[in-house]
Amino acid sequence: MSTETKARNKRFVQLAVTTALATTALTACTGKVAPSHAYSAEHAEKALAKGKASKAVQHAEAAVLANSRDAYTRTLLGNAYLEDGRFASAATTFAEAIELGDTAPRTVISYALAQIAIGDQPGALGTLAEFETALDPADFGLAIALAGHPDRGVHVLSNALRAGQNTAKVRQNLAYAYALTGNWRAARVMAAEDVPAGEVGNRMAEWAAMIRPEAFTRRVASLLDVMPQVDPGQPQMLALSNHPSVDMLAAQEVDELAPAAEARMTDFALAQELPPVATAPAADDSADAALADASIAPVTGSVRFVSNEVVQETPAKARERVAPRVAGAATPANRARGGDYNVQLGSFFSMSDAHEAWKTFRKRYPELGDAERVITKARVNGKIYYRVAAAGYAKSDAQSMCRSVKGKGGGCIAYASSRPLPGAIDVVRNDVRVAAR
């Protein structure tokens, strides 16, 4: 074995030890097994919903540690950092979420705002330029203004207003962009469209106090209604670079694998299987039994928490939270009934995890509507998987649904129910078991 190979193996061992120590640290106080990814993610979401940002950070960090390469979990952690006023950690985490595939408009805008808040205006401008066509002009216009180009922000928002996007959000963002350019008369006139006359002066004074170029952190914190705090940065053990994907590990080792070991590489492909969401391969539900013994009930997986709406607040629209829409998404209204196509959303190592995952998918993708749940038991390379799919789509609707899911960073396969995916050995439709064709 070469010196380089020994060094690489040593590095992987050190990484495994670091992760094990981190897991031990998380559980030392309770004496129980580390909380599962689903448990931690759900509690992070609940904490965010209650405005308990610091508690949300603790749970979200545990969720990322348990499932380090899940894009939505990274986004959840990024939102927790953002709500806690930890902008440097938020910027790092949103960048990792985007790298993992979550390029939803809200994630991109949140990343750009975190970059602006830490003074990385060039980075924010690069982020906004890369994803400009996918962003709402109301969000893009204000973000580009905050990133140091207020004239362009005014141009984008004015065009949106002329094009018919005549909303309080666009008007107030345009008013703020005018203020950032120093055009206070236009800012006052536009702000007065939605702000009561007696409060316009206070709004102008508030903006004037933050107009200095060096007040970038204060501007973003005020916009998101959070309190900035000293940020030590994301814990090193959570860094995405510490958690290479299976494909990355395989690529690093491929040149040194013996012919006999090369045969085992097929395990990485999983015959086009969607990435399983679980911590340890198993063909039964023993993992759930272990959770029950630890008095931790299995709960649904992570649903991305949407950060504050990027809009100047008005008395009638204070702290509104709006979930992003994805163009082209299938909706319950336009989904064809009785179609022969299924949409596979994930695969899992136990039936109970598959059932819980369906609840998560229903929350994550409202466009599933009342779609029928189908769970298919499959054997791939000697391992048992439980595939979760939504049924009853026409071919075009199934393909549209998959585009929507992939646009949100998820995995998806559309297939005809008459032609099950390779490896299928049993199918459960509405809890009724039917034979796989």
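**Group meeting: a helix pair, a serine and the confidence**

Okay, let's start with Ser 110, which sits in helix α6, residues 105-117. Helices here are DSSP runs of H or I, at least four residues, numbered from the N terminus. Before I go on: this is a predicted model, where local features need pLDDT of at least 70, side-chain atom pairs count only at pLDDT 80 or more, and totals for chains, interfaces and linings use all residues. Residues are numbered from 1 along each chain as its sequence is written, and side-chain values use heavy atoms, with hydrogens and water left out.

So, is Ser 110 buried or exposed? Buried, at 2% relative accessible area; buried means under 20%, with a 1.4 Å probe and protein chains only. A polar atom of the Ser 110 side chain lies 2.8 Å from the backbone oxygen of Arg 106.

Next, α2 (residues 37-49) and α4 (residues 71-83): they pack at about 35°, axes 11 Å apart. The axes are lines fitted to C-alpha atoms over the stretch in contact, and angles run from 0 to 180 degrees between N-to-C directions. Who meets whom? On α2 we have His 37, Ala 41, Ala 44, Glu 45 and Leu 48; on α4, Thr 73, Leu 76, Asn 79, Ala 80 and Glu 83. Contact means heavy atoms within 4.5 Å.

Finally, confidence: pLDDT, the predictor's score for each residue from 0 to 100, averages 75 over the protein chain, with 68% of residues at 70 or more.

Note on methods
Helices (H or I, at least four residues) and strands (E, at least two) are DSSP runs, numbered from the N terminus. Buried means under 20% relative accessible area, exposed over 50%, partly exposed in between (1.4 Å probe, protein chains only). A polar contact is a pair of N or O atoms within 3.5 Å; within protein, one must be able to donate a hydrogen and the other to accept it, and residues adjacent in sequence count only if both atoms are side-chain atoms.
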